[in-house]
Amino acid sequence: MNATTRGYDEIIQRLCQWAEKHPEVRAAMVIGSQARQDQPADEWSDLDLIVVTTDPERMAMETTWLQALGKPLLTFIETNPAGGPERRVLFEGGLDVDIVPLPPQAIQQLISEVETKSSGSLDLVNLIGRGVRILFDLDGLLNQLVENVSRLPASPEVKPLPTEAEFLNLVNDFWYHAVWTAKHLRRGELWWAKGGCDGHLKGLLLKMLTWQAQAAGRDTWFRGRFLEQWADPQAVKELRGSFAHYDREDVWRALFESMHLFSRVSQETAERLGYRYPSSEMTAARMLVYQYYAGRE
């Protein structure tokens with residue numbers, strides 16, 4: 001056992017001891033790399049915790065209770081996959097802990113959604129499907145949720161393939177914003193244009209790479225985790241040239257590379273899914289981008 005694993009085990013032990021004195025805390029479980037067998041934790045992994053409490057807002061917003069777990073160096077709030085607050089903490093020794101406090105009602109809703117296969121919190125469901133470690137469960141809700149998730153299809157990734165309408169919407173979104181990015185480059189808004197190229201367009205490219213892999217029967221991970229292992233190998237190679245330096249000409253170059261990569265991946269995905277592809281619309285958008293590039297000073 002390395003020092004990182006020992007450190008996280010100590011935090012888990014302290015959390016359980018602290019919860020014994022706080023009856024509002026009903027359950028807790030470990031998700032992510034510290035709980036799964038596939039792609040298990042290494043020395044760079046963090047600790048992901050779901051804590052069920054009748055007062056989730058207080059647990060998320062207050063920080064004094066974190067002293068019971070260790071010595072926090074930095075802490076802040078962000079939004080978790082379910083849309084609520086998540087407390088992220090960097091403890092002494094570089095121990096990175098993500099704490100998602102949820103009310104019992106949220107777990108009950110997840111149980112219901114999984115039973116009807118209509119979950120709106122699929123990232124969380126996928127994480128649970130890849131492995132969990134329940135620390136304590138006073139009301140049995142976490143055990144029921146895990147049991148329900150275990151009845152889902154064998155693949156941990158439960159996101160369905162897109163409908164043709166969803167596919168076409170994403171394709172049109174990409175080509176629209178390729179033109180949008182070119183316009184902002186011509187205006188001289190480098191920060192805005194780079195955000196379009198390396199932000200919005202890359203998010204759409206990631207979703208298309210995910211659909212491409214799923215259509216080929218490969219197991220994907222949420223938000224691009226381990227993309228280098230499940231995405232199309234040629235696409236992974238081409239990604240290297242699709243990101244830009246903070247330089248106008250390099251953003252143009254990266255935009256062209258991104259357009260080329262998205263065109264190939266999206267057309268291959270359309271063919272595999274049996275969907276039509278908006279070729280004339282793509283051609284029109286590309287011609288506009290080339291036109292704006294040719295007219296630059």
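Analyst: In α6, residues including Phe167, Trp175, Ala178 and Arg186 meet α10 residues, among them Arg248, Leu255, Phe262 and Ala270; contact means heavy atoms within 4.5 Å, and helices are DSSP runs (H or I, at least four residues) numbered from the N terminus. This is a predicted model, where local features need pLDDT of at least 70 and side-chain atom pairs count only at pLDDT 80 or more, while totals for chains, interfaces and linings use all residues. Residues are numbered from 1 along each chain as its sequence is written, and side-chain values use heavy atoms, leaving out hydrogens and water.

User: At what angle do α6 and α10 pack?

Analyst: They pack at about 170 degrees, with their axes 11 Å apart, the axes being lines fitted to C-alpha atoms over the stretch in contact and the angles running from 0 to 180 degrees between N-to-C directions. That makes α6 roughly antiparallel to α10, a label for angles over 145 degrees.

User: And what does Leu255 touch?

Analyst: Leaving aside neighbours within four places in sequence, Leu255 is in contact with Ala178, Thr181, Ala182, Cys197, Leu201 and Val289.

User: New topic: which residues of α5 are buried?

Analyst: In α5, residues 141-150, the buried ones are Leu141, Leu142, Leu145, Asn148 and Val149, where buried means under 20% relative accessible area with a 1.4 Å probe, protein chains only. Seen down the axis of α5, these buried residues fall within an arc of 125 degrees, so they line one face of the helix; the arc is that of the directions from the helix axis to the C-beta atoms.

Notes:
Buried means under 20% relative accessible area, exposed over 50%, partly exposed in between (1.4 Å probe, protein chains only). Helices (H or I, at least four residues) and strands (E, at least two) are DSSP runs, numbered from the N terminus. Angles under 35 degrees count as roughly parallel, over 145 as roughly antiparallel, 65 to 115 as roughly perpendicular and the rest as oblique.
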